[in-house]
Amino acid sequence: MTSSKRKVRSTPSQTFLSKTFHWINIISLILMITSGLQIYNANPVFGGREGWHFPDFLLLGGWLAGGRHWHFAAMWLFSLNLLWYGLYIFITRRWQRRFADRGDLKALQVSQNPKRKNYAWHRLVYTAIIPVLLLAILSGLAMYKPAQLHWLSGLFGSWQNLRTVHFITVPTVILFTIAHSLLALKVGSIRLVKSMFL
């Protein structure tokens, strides 16, 4: 009886809203990346129109306008999802357990506990992705409405700089997703990862 209770307690529990956020996040990211690659192929960021193109099986939209429609639709889904989740963790004060603090930085320097260090890395990576996501959204909006948001696009110096910055945020987010998942496995094993989606 006691052991069964321990098993139940040891299984991580996530709220319905947390699971919904993660599912919407993954779906919208896949839609944005594949449609973004469709847009990229119309005029590659690196090498001009003769630059390297991504294969068709990675693309969504069928052509430039189709890719743009999918990309902007998914962008609003992704941005609004981040907004409501940000409000959710702020209101519920979950940010205290999600984001890195001085204790995590100290643990990385002096702690001899591997689990504590993994936990600190997990929170640090989780915190570091926030400015990257904001940069992705802001640079995307600057390309979406360059005339109306000229003050924003002007911050990047040139159109090519703007496109390059926006493109670089994509592999950064992918690397974050991989690091986030691997660290979640180290911190809470496969049970923690499954708890976020099932």
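Predicted model: local features only at pLDDT ≥ 70, side-chain atom pairs only at ≥ 80, totals over all residues.
**View 1. Helix 2 and helix 3 cross one another.** Helix 2 spans residues 16-42, and helix 3 spans residues 64-91. Their axes come within 8 Å and cross at roughly 150°. Angles over 145 degrees count as roughly antiparallel, and helix 2 is therefore roughly antiparallel to helix 3. The crossing of helix 2 past helix 3 is left-handed. The contact between helix 2 and helix 3 comprises 18 nonpolar residues, ten polar residues and one charged residue.

**View 2. Phe 78 and the residues that it touches.** Phe 78 belongs to helix 3. Its relative accessible area is 5%, and Phe 78 is buried because this value falls under 20%. When residues up to four places away in sequence are not counted, Phe 78 touches Asn 25, Ser 28, Leu 29, Met 32, Leu 133 and Ile 137. One of these residues, Ser 28, lies 50 residues from Phe 78 along the chain, yet the C-alpha atoms of Phe 78 and Ser 28 are separated by 5.6 Å.

**View 3. Thr 164 in helix 8.** Helix 8 covers residues 159-195, and Thr 164 is found within this helix. Thr 164 has a relative accessible area of 18%; the limit for a buried residue is under 20%, so Thr 164 counts as buried. With residues up to four places away in sequence left out of the count, Thr 164 touches Val 45 and Phe 46.

Key:
Residues numbered from 1 in each chain as written. Heavy atoms only, no water. Axes fitted to C-alpha atoms, helices over the stretch in contact; angles between N-to-C directions. Helix = DSSP H or I, 4+ residues; strand = E, 2+ residues; numbered from the N terminus. Parallel < 35°, antiparallel > 145°, perpendicular 65-115°, else oblique. Left-handed = near helix turned anticlockwise from the far one by under 90°. Nonpolar A, V, L, I, M, F, W, Y, C, P; charged D, E, K, R; others polar. Buried < 20%, exposed > 50% of the residue type's maximum accessible area, 1.4 Å probe, protein only. Contact = heavy atoms within 4.5 Å.
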